[in-house]
Amino acid sequence: MYSSYEKIPIQLPQRIYVFLLALLCAFFLIAARLWYLQVIKGGSFAEQSKNNRQRTVSVPPARGIIRDRNQVPLATNRPAFNIQMYLQEVTEVDATIEHLADILDVSPDDLHHQLHKQGGPRFRPRVLVRDATREQVERVLSRRLSLPGISVSHYPIRFYNEASLAAHVIGHIREINKAELIQPDFRGYYQRGDVIGKYGLEDTWELYLQGRRGRNSFLVNAHSVKIQDLSDQTKAIPGNILQLTIDRDIQQAADRALSGKSGAIVALVPQTGEILALSSAPNFDPNIFTGELTKAQWEGLSQGKERKLSNRAVQSVYPPASLFKTFLGVAGLEEGLITKKTTEYCPGYHTVGDRTFRCHKHDGHGAVNLEMALSVSCDVFFYILGQRLGIDRIHEYGSKFGLGKATGLELVQEASGLIPSTEWKQKRYAGTPESRWFPGETPSVAIGQGATSATPLQLAVAMSALVNGGTIYRPYLVQGVYSHDGKTEKDSFRPKMLSQLNVEKKHLMQVQNALKSVVHGKRGTGKLAQLPKEWNISVGGKTGTSQVVSLHSKTEKREHEHHALFAAFAPSEAPEIVVVAVIEHGGSGGIAAAPVVRQVLEAFFVKSRALSVPPAVRHPEDVNT
């Protein structure tokens with residue numbers, strides 16, 4: 001019982017508590033939904049609402065131009081058209097796709113594939129046909145009334161003016177993928193459907209070449225036809241201009257010289273490391289990547305023995321073969337193991353323990369000194385010199401010349417190659433009897449065979465160091481970066497010295513002088529690299545014939561044929577250019593690679609000295625090896 005002065009508690013039914021709790025939850029959910037709609041999605045809905053009466057589209061910037069050292073454009077842009085769909089304006093998507101496919105005479109499945117691979121808000125356009133033909137555009141515009149939500153937009157598209165010229169240097173572009181969209185360099189700016197550099201300089205210099213997108217706001221009528229521009233406009237800013245060290249004419253000569261072959265050519269300025277030409281074959285036309293690439297096209301580029309997308313100049317390694325004798329000669333002089341007058345007798349073979357190593361001239365060269373050994377490419381002279389140096393000093397000098405390690409070229413991932421040593425073998429075959437270096441392994445390394453390997457670019461850098469007095473320069477491809485109008489230099493690049501050989505210059509000169517006899521000597525193996533006599537320009541160089549299978553396993557198959565190499569410099573007394581060529585399975589270096597190098601040298605001197613090439617007849621059968 002309660003007294004009259006006490007408050008009597010009100011007993012609320014339990015269902016009242018349940019009702020109040022449900023009411024509270026409902027208010028919470030409503031508040032959360034309002035917060036989501038206004039704070040999280042507010043901007044999106046505002047943009048969507050605006051697009052109900054007007055459209056605001058991003059304007060892709062023109063990609064930065066890539067030009068050669070003489071300002072010849074190699075990669076520019078051309079106008080192109082996209083056929084696109086605004087999902088929010090289409091009530092029956094499948095029917096519209098079918099109708100559009102019928103008009104364009106394309107597969108509806110292809111259009112559906114394009115539609116569904118692009119995400120994002122429904123009010124943003126989905127590109128159904130990229131880089132549409134003029135006929136396709138005309139068909140769509142003439143049937144606009146029956147295609148609600150379908151429109152045509154124009155934009156700049158990459159265009160490679162010289163098609164396949166320097167394709168492995170310039171690279172190509174493709175549409176950005178989901179994994180790339182979340183990378184720090186791309187997140188926040190790129191959208192699905194954008195294109196980015198995927199290979200070569202297009203990839204390496206993406207952030208310089210991309211430009212900044214603009215915005216275009218305009219009113220449209222019920223048929224998606226633009227009727228008025230609005231004041232909310234932001235101009236797109238084109239990307240920067242890259243000026244390369246490449247010379248278009250020399251590059252063209254290199255590409256042409258490799259036509260129908262597999263291999264690589266590198267041309268350098270030995271005093272700076274500037275790359276004048278960097279060619280790899282087979283190559284490809286990067287314009288193919290600006291449109292839709294079919295599966296068959298992609299497989300044709302990326303698979304098979306041809307490896308068209310592989311840059312053989314920097315990503316393939318080859319036994320340097322007799323080119324290696326050049327650097328071994330410097331090592332022998334520097335170590336005091338030989339002088340320029342030292343002679344060895346070549347009977348056609350050399351014996352180490354129970355192994356016999358043959359010279360390429362089976363009846364021998366007789367008594368040869370360093371100059372003659374280089375000129376006729378005598379193996380026995382360098383078998384003996386290699387034994388005296390030992391594998392670790394061979395490794396030391398090979399490494400000094402930059403062989404067996406990446407040069408640092410900012411283009412694609414370089415292969416490193418290998419100059420073997422006792423340490424390398426101990427690590428490579430640790431815990432096995434093969435971990436010990438055997439004396440019988442050294443002769444093969446001394447003539448650039450065995451485990452020895454290098455890229456064509458490394459060989460060009462090493463030959464440059466030989467003829468420039470002993471400086472290893474980092475090779476480079478970009479001279480400068482300019483604003484899109486070309487008026488402001490934003491960055492420039494100068495030669496960068498990586499190391500010094502620290503060898504006597506007279507030893508470098510002795511080998512450099514000896515290499516002149518390779519091309520101009522009576523018994524020289526590189527005669528086919530001679531320039532027209534009228535020019536009075538002498539060439540120095542070294543041939544190489546790289547064995548790809550053991551001689552007892554060699555057959556008539558093309559893949560068993562030797563690789564042909566030649567490294568040259570000219571003029572021999574004061575070199576202005578170094579050229580290295582590797583022709584895969586080309587056979588003899590003097591027969592297959594020397595003429596290829598000569599074509600590049602001719603292009604260089606025709607341009608630099610305004611010379612003309614007279615008709616010339618050369619006889620490959622006159623060459624010794």
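**Notes on the cores and salt bridges**

1. Let's start with E441, which counts as partly exposed at 23% relative accessibility (buried is under 20% relative accessible area, exposed over 50%, partly exposed in between, with a 1.4 Å probe and protein chains only). Its salt-bridge partner is K425, with the closest N and O atoms 2.7 Å apart (a salt bridge here is a side-chain nitrogen of Lys or Arg within 4 Å of a carboxyl oxygen of Asp or Glu). K425 sits in helix α17 and E441 in the loop between α17 and α18 (442–446), so the pair ties together parts that are 16 residues apart in sequence. K425 itself is buried, at 4%.

2. Before going on, a word on the model: it is predicted, so local features need pLDDT of at least 70 and side-chain atom pairs count only at pLDDT 80 or more, while totals for chains, interfaces and linings use all residues. Residues are numbered from 1 along each chain as its sequence is written, and side-chain values use heavy atoms, leaving out hydrogens and water.

3. The salt-bridge count comes to 26. Have a look at R312 with E584, where the closest N and O atoms are 3.0 Å apart. R312 is in helix α12 (residues 312–315) and E584 is in the loop between β23 (577–583) and α21 (589–608), so this pair ties together parts that are 272 residues apart in sequence. (Helices, H or I of at least four residues, and strands, E of at least two, are DSSP runs numbered from the N terminus.) R312 is buried at 1% relative accessibility, and E584 is buried too, at 10%.

4. There is also a salt-bridge network, linking E162, D247, R248, D249 and K607.

5. On to the nonpolar side: the largest core has 96 residues, and those with the most contacts inside it include F382 and L466 (a nonpolar core is a set of buried Ala, Val, Leu, Ile, Met, Phe, Trp, Tyr and Cys residues joined through side-chain atoms within 4.5 Å). Helix α19 (residues 456–467) gives the most to this core, with nine residues. A second, separate core of 34 residues includes L528, A529, A564 and V600.

6. Finally, H172 belongs to strand β6 (residues 172–175) and is buried, with a relative accessible area of 5%. Leaving aside residues up to four places away in sequence, H172 touches Y160, I196, G197, K198, Y199, E202, F284, P286 and F289 (contact means heavy atoms within 4.5 Å).
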